[in-house]
Amino acid sequence: MKLNRRQFLESAGIATAALAAWKIPKGVLASPAPAASKVATDLPGSLGAKEVPSVCEMCFWRCPIIGKVKNGRIVKIEGNPKSPTNGHRVCARGNSGIQLIYDPDRLKYPMKRVGARGEGKWARISWKEALDEIAYNMEKTRKKYGPSSLALFDHGASAEFYRQIFKGMGTENYTNEPAFFQCMGAVSLAYVMTYGYKIAERVDMSHSKVMLFFGTHLGENAHLAQVREYVTGLQNGAKLIVVDPRFSAPANKADIWLPIRPGTDTALLLAWINYVIQNDLYDKEFVQMHCKGFNELKEGVKGYSMEWAARICDLKLHDIKKAIDMLAASRPHVAIHSGRHSAWYGRGDVQRHRCLAILTALFGAVAVPGGIYFPTSVDLGESDCVECEAPEDVEEPETSLKDNYPFASYFGSPTAEIIRATRTGKPYPIKLWGIAGVNIIHTISNPYETMDALRKLDFVFSIEILPTESATWADIVLPEANYLERYDKVYVNHDLTPYVTVRQPVVKPLFEAKSPFWIAREMAKRLKLDCFHCKSEEEYLDEELEDIDLSLAKLNKEGGLVRLKGHPYRDPNKPIKFSTDSGKIELFSGSFDDEDMDPIPKFEPILAPPKGYARLVYGRVPTHTFSRTMNNLWLHNECPEPMLWLNKEVAEKMGIKYGDRVVIVNQDGYRSANLVKVKVTPGIRPDTVYLPHGFGSRSPLLTKAYKQGVSDQFLITRYILDPFFGGSSHRTDFVKLIKDGKTLDIPELRPVPPEIPRFEIKKV
Ligand code: SF4
């Protein structure tokens with residue numbers, strides 16, 4: 001597979017009341033960043049403020065921003081008008097970055113644990129002491145148990161710096177972001193195996209005639225540039241088909257909403273693929289020129305009829321036919337969204353996304369207006385400024401945590417396997433974890449197992465901005481500068497109009513917070529790793545920018561962002577060379593076949609809820625990012641707690657009214673720690689309940705988020721590992737509700753067909 005490191009690591013992406021109460025320590029707020037305008041302090045509001053270009057990280061979409069600074073304080077955040085994607089705009093979370101920087105709960109100094117793990121009781125120590133202790137423990141653990149006993153969980157823009165340290169220590173147990181194993185893994189692998197590229201949601205919705213979303217919640221999942229493209233598409237008259245058990249924000253705007261039985265999406269897609277082939281609705285010329293394996297595909301899907309799919313998926317035959325006919329009539333200008341969070345059922349997730357990729361190819365919706373498009377290649381300098389190599393004499397463990405997953409190497413070591421090895425000592429002991437920028441207790445399936453593993457470790461360190469649950473388990477906590485206070489890597493955005501930009505400090509770090517580059521370099525020094533060859537972050541960025549004839553200074557002269565020439569669309573007369581082994585779009589996956597995985601997707605039934613239970617699904621609210629923003633004052637005020645969606649007919653039978661408060665209990669007897677308000681609605685299937693993700697923090701150090709609402713994560717205790725790469729499922733748990741102390745069965749209003757087996761309740 002011809003993916004270079006940069007392409008692979010490139011992410012898919014990616015009121016002022018409280019300020020008065022905030023005491024700012026003397027001398028820590030002078031802005032070091034390039035001044036784009038002089039400051040006139042006598043003007044009201046943000047007028048006359050110094051403007052500093054940077055990049056948002058309130059979520060991982062990385063919108064270019066302008067931070068406005070007055071008297072050393074950030075007073076406003078706006079979109080960078082030079083950005084072709086967001087322009088002046090930022091979303092609610094982007095605006096609220098101000099409240100992250102001035103959050104009184106922020107971690108202020110390095111600290112050492114003095115209470116039990118998980119209690120969050122620490123004593124202040126110096127940076128020297130903290131870093132010395134981390135280095136001592138890393139070295140000691142490596143000597144005693146071997147390099148594989150070290151593991152890193154990381155996420156976000158700064159992750160690469162810390163990952164280099166763990167690579168340099170000789171371990172392969174860095175997770176390349178839990179976000180892959182719990183989020184993007186299946187979709188990335190499916191598109192890489194089909195097209196040779198991670199599509200990473202590059203879907204040209206603004207020029208499409210019909211859009212298709214499978215469980216994609218744009219608008220709730222508020223990635224600004226993408227939401228703009230989607231809304232532009234709608235404004236331009238595009239039709240929208242939404243397949244989702246819930247009447248989500250996009251279902252609300254859909255021409256056709258298909259409230260599918262959870263777990264049967266692949267059945268519908270396979271029937272659609274068969275229907276398109278049998279009825280000659282595909283783009284023959286495109287398929288002939290660009291695809292490999294059409295005959296095998298035709299043969300493989302011929303048994304999946306529309307009638308069968310309608311029954312399995314619990315949908316009306318007329319509706320599913322109308323939807324696929326609508327798509328076919330507008331090909332190739334159809335935006336079949338690749339999806340983002342794809343860790344649903346463990347088994348079948350990769351194949352579900354393969355089906356989306358295949359349907360896209362059959363319609364020829366590839367590199368045309370309205371279809372998927374590929375990243376314009378931009379060759380940044382391959383700086384060796386931050387580059388650690390594993391030691392040559394490192395002893396490979398006899399058994400790798402990736403051994404059972406032929407495609408895990410694309411993503412690092414599966415998080416679930418790291419946790420299992422830590423708990424059991426098999427196939428080898430893992431004794432030390434680093435956790436950087438990720439609240440693993442709120443991210444990884446079965447937090448009880450994660451906490452059990454944390455208890456068993458010899459040493460844990462955490463690099464964070466806020467005292468999250470995961471940070472409270474650390475022996476040493478390091479306060480990281482947040483995105484408004486630091487440099488990160490160069491970002492090349494590969495959208496329709498690509499651009500290059502850089503995250504840079506809008507103000508100096510508060511308190512004793514330090515940048516990821518500084519922290520990682522100090523670790524490297526202590527561990528005697530020859531990894532950081534640049535004197536400063538500025539030098540590092542200049543090296544990266546050099547090959548496209550830019551420097552940090554030049555970029556800032558251009559307002560912090562330079563647009564590049566994009567080539568998103570193909571020449572219809574020229575064949576494209578795809579980065580797959582065959583150079584074609586692989587409808588039949590040779591790589592999967594080589595590993596004895598199905599080269600053509602098949603439908604594998606996903607276990608249905610046991611009698612009396614409904615499936616728990618989750619999603620996002622537009623004012624929050626994962627569990628990261630619940631302590632942000634402005635965002636907390638907007639949405640302090642979630643509501644549980646329950647079907648109206650089901651609620652009536654259970655005697656539950658809108659606004660009633662209930663406890664949720666799952667199939668293993670785990671209960672929600674708090675009561676949750678019920679939203680009684682016809683907009684969800686009777687066999688499914690829905691809870692927005694990320695609430696119900698258990699960290700008492702997060703004064704606004706603590707115990708606010710209910711956590712979906714603490715109800716996700718059963719998971720299935722994806723056989724391709726080891727991702728862990730998040731939609732394989734079932735719940736009942738407890739009202740006024742009485743456990744209520746959820747009545748079954750939609751019978752389960754005999755081909756779909758049920759989950760059997762077993763005591764754990
Ligand atoms: S979508 Fe919002 S939170 Fe995410 S990067 Fe853009 S402005 Fe920031």
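Trainee: In this predicted model, in which loop does Asp549 lie?

Mentor: The model is a predicted one, and Asp549 has a positive phi of about 60° although it is not a glycine. As for its place in the chain, Asp549 lies in the loop between helix 19 and helix 20 (552-557).

Trainee: Is Asp549 buried or exposed?

Mentor: A residue is called exposed when its relative accessible area is over 50%. Asp549 has a relative accessibility of 58%, and therefore Asp549 counts as exposed.

Trainee: Where do the buried residues of helix 19 fall when the helix is seen down its axis?

Mentor: Helix 19 covers residues 537-546, and its buried residues are Glu537, Tyr540, Leu541, Glu544 and Leu545. Seen down the axis of helix 19, these buried residues fall within an arc of 130°, so what they line is one face of the helix.

Trainee: Is Asn446 buried or exposed?

Mentor: Asn446 lies in the loop between strand 12 and helix 16 (447-456), and its phi is near 55°, a positive value in a residue other than glycine. The cut-off for a buried residue is a relative accessible area under 20%. Asn446 has a relative accessible area of 6%, so Asn446 is buried.

Trainee: With which residue does the side chain of Ser729 make a polar contact?

Mentor: Ser729 lies in the loop between strand 23 (688-692) and strand 24 (734-739), and with a relative accessible area of 0% Ser729 is buried. At 2.6 Å, the side chain of Ser729 makes a polar contact with the side chain of Thr732.

Trainee: What is the omega of the peptide bond from Arg331 to Pro332?

Mentor: Pro332 has its place in the loop between helix 13 (317-329) and strand 11 (334-336). The peptide bond from Arg331 to Pro332 is cis, with omega near 10°.

Trainee: Which residue does a cis peptide bond join to Pro427?

Mentor: Pro427 has its place in the loop between helix 15 (415-424) and strand 12 (432-436). Omega is about 5° for the cis peptide bond that joins Pro427 to its partner, Lys426.

Trainee: What radius of gyration does the protein chain have?

Mentor: The C-alpha atoms of the protein chain fill a box of roughly 70 × 65 × 60 Å, taken along the principal axes, and the chain contains 23 helices and 25 strands. A compact globule of 764 residues would have a radius of gyration near 27 Å, which agrees with the value for the protein chain, 25 Å.

Trainee: How many Å apart are the mean positions of the positive and negative charges?

Mentor: The protein chain carries 100 positive and 92 negative charges. When the mean position of each group is taken, the two positions are apart by 6 Å.

Conventions:
Residues numbered from 1 in each chain as written. Predicted model: local features only at pLDDT ≥ 70, side-chain atom pairs only at ≥ 80, totals over all residues. Heavy atoms only, no water. Helix = DSSP H or I, 4+ residues; strand = E, 2+ residues; numbered from the N terminus. Rg over C-alpha atoms; globule rule 2.2 N^0.38 Å. Lys, Arg positive; Asp, Glu negative; His and termini not counted. Charge placed at Lys NZ, Arg CZ, Asp CG, Glu CD. Buried < 20%, exposed > 50% of the residue type's maximum accessible area, 1.4 Å probe, protein only. Arc of directions from axis to C-beta. Polar contact = N/O pair within 3.5 Å; in protein donor to acceptor, adjacent residues only side chain to side chain.
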